[in-house]
Amino acid sequence: MICCIACTIFNLVYIMEVTVPSKEVKIASTQYPVLDIIKKRWSARAFTAQNISKQDLHTLFEAASWSPSSMNEQPWVYVYAHHGSELFEQMWSCLAGGNQPWAKNAAVLVLSLCRNQFAANQQANFHALYDVGAANTVLLLQAITMGIYGHIMGGFDREKTKSTFAISDNYTIATFIALGYLDEPSILEEPFRTRETTPRTRKPTADFAFDTVEKLQ
Ligand SMILES: Cc1cc2nc3c(=O)[nH]c(=O)nc-3n(C[C@H](O)[C@H](O)[C@H](O)COP(=O)(O)O)c2cc1C
């Protein structure tokens, strides 16, 4: 009897895990009426084998380029590699152990960097890293309108990345980004499968948006 109940529970959990459409679960439940693309963007890990066309990839990069930047410097630089290429393997090998198991399925891996100096006068651009981060977010929002999911990764071996690609001190590495079309959570191993079907959460705005500086104490 106990065995029977346990079996039923196991089957139910299994059925839920493989059938829950992750993109439904991941849609943000918001307190205020934010844009649909903001609700729908999330950091997916299950990617299909479908490639991203050159046209679509450059649409994403152009979207990123329309992000605001300090002095319109546009300090971002992207290096991208399609699944199956040698460059993809090199990029993948720089990722942290917690990212490699799922990022190996990405259609494209992107390395995002910024130039550290203003082109016009070689002065330090203290906003460059901020700007590439903002551009990455615009890229991800554009992607979601095209059915492409992106996952930013700060988990990588920075020294290995610098040496593998001979990146000079003129650049700061921001993040890697995995891009691809969404597959079922069932293609993932744990703990990634569970993460793929866990609803997203955010702090309420009252926790971080204040009408007084006293909250900063
Ligand atoms: C700078 C940065 C670094 C991140 N690094 C990783 C990472 O190494 N591995 C990972 O799985 N997710 C990483 N993420 C994704 C976050 O975990 C994710 O954005 C956050 O949990 C919120 O989930 P959501 O994007 O699905 O809303 C990173 C995100 C950012 C912006």
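Which residues of α7 are buried? In this predicted model, local features are reported at pLDDT of at least 70 and side-chain atom pairs only at pLDDT 80 or more, whereas totals for chains, interfaces and linings use all residues. Residues are numbered from 1 along each chain as its sequence is written.

The buried residues of α7 are Ala128, Asp131, Val132, Ala135, Asn136, Leu139, Leu140, Gln142 and Ala143. A residue is termed buried if 20 or more other C-beta atoms, placed from the backbone, lie within 10 Å of its own, exposed if 12 or fewer do, and partly exposed in between. Helices (H or I, at least four residues) and strands (E, at least two) are DSSP runs, numbered from the N terminus. Helix α7 has 18 residues and extends 26 Å from its first C-alpha to its last, close to the expected 26 Å; the expected span is 1.5 Å times one less than the number of residues. Its buried residues pack against α4, β1, β2, β3 and β4, contact being defined by C-beta atoms, placed from the backbone, within 7 Å. Just after α7, Gly147 adopts a positive phi of about 75 degrees.

The largest nonpolar core comprises 41 residues, and those with the most contacts inside it are Ala106, Val108, Leu109, Val110, Phe176 and Leu179. Such a core is a set of buried Ala, Val, Leu, Ile, Met, Phe, Trp, Tyr and Cys residues joined through C-beta atoms within 7 Å. Two or more residues are contributed to this core by each of α4 (54-65), β1 (76-82), α6 (100-103), β2, α7, β3 (148-153) and β4. Leaving aside residues up to four places away in sequence, Leu179 touches Ile52, Ala106, Ala107, Val108, Val110, Ala143, Ile148 and Gly150.

Several loops carry backbone features of note. Most residues other than glycine have a negative phi, and most peptide bonds are trans. Gln122, in the loop between β2 (108-115) and α7 (128-145), has a positive phi near 60 degrees; this residue counts as exposed because it has 10 C-beta neighbours inside 10 Å. Ala166, in the loop between α8 (158-164) and β4, has a positive phi of about 50 degrees, and counts as exposed with 6 C-beta neighbours inside 10 Å. A cis peptide bond, with omega about 5 degrees, joins Glu190 and Pro191; Pro191 lies in the loop between β4 (171-181) and α9 (192-196).

Methods
Two residues are in contact if their C-beta atoms, placed from the backbone, lie within 7 Å.
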